[in-house]
Amino acid sequence: MPADDRLRTLISAFERLTPATVDTLAALYADDAHFRDPFNDVRGRAAVARIFGHMFEQVEAPRFEVHSAMSDGDAAWLEWTMHFVMRGRAQTIVGATRLRFDAQGLIVEHRDYWDAAQELYEKLPLIGSVLRAIRRRLAAG
């Protein structure tokens, strides 16, 4: 599959992700794929499927919006926003994903980059105020 087609297929799978399509997304990963984000570091297609399935158990109405994508050989980058509802409030997480593909076009490496403190923890009632105060104190001004 050409790189552009491979990327379009992946973006479509992310943007249309539902509990019913987690296995469809997971099928785009190699059997021994490595997935890492701020909370997970796992290997294997089944583990990747569990992470996305777990997401639907933890937050309401999660969905991904991919803003940009680029690829070079067996590597690709996605820039995205994850929208979801937590405790009745709409939330977003802005991040990026670095991907590496094998010769068959399957994902062998998936690494998410996003700031868990700013994008998630600072939005929590108790710890959020502490983290925001620390950020203000450490800012260059």
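Here are a few notes on the sheet, the helix packed on it and the aromatic residues in this predicted model.

1. Start with the sheet. Six strands make up an open, mixed sheet, and its order reads β2-β1-β6-β5-β4-β3. Going from one strand to the next, the twist averages 20 degrees.

2. β3 runs antiparallel to β4 (residues 75-86), and ten bridges join the two. Within this part, Met70 stands opposite Trp77 in β4.

3. Then there's the helix. α3 packs on the sheet, where it touches β1, β2, β3, β4 and β6 (107-113). The direction of α3 makes about 55 degrees with that of β1.

4. On to the aromatics: the whole structure has six aromatic pairs. Take Phe35 and Phe52: their ring centres are 5.8 Å apart and the planes stand at 80 degrees, over the 60 needed, so this pair is edge-to-face. It's a link between distant parts of the chain, with Phe35 in strand β1 (residues 29-36) and Phe52 in helix α3 (residues 45-58), 17 residues apart.

5. One last thing to check on screen is Arg6, whose charged end sits over the ring of Phe101, 3.9 Å from the ring centre.

Technical notes:
Residues are numbered from 1 along each chain as its sequence is written. This is a predicted model: local features need pLDDT of at least 70, side-chain atom pairs count only at pLDDT 80 or more; totals for chains, interfaces and linings use all residues. Side-chain values use heavy atoms; hydrogens and water are left out. Rings of Phe, Tyr and Trp (its six-membered ring) pair if their centres lie within 6.5 Å; planes under 30 degrees apart count as stacked, over 60 as edge-to-face and the rest as tilted. Helices (H or I, at least four residues) and strands (E, at least two) are DSSP runs, numbered from the N terminus. A charge sits over a ring if NZ of Lys or CZ of Arg is within 6 Å of the ring centre and within 35 degrees of the ring normal. Two strands pair if DSSP finds at least two bridges between them. Axes are lines fitted to C-alpha atoms, for helices over the stretch in contact, and angles run from 0 to 180 degrees between N-to-C directions. Contact means heavy atoms within 4.5 Å.
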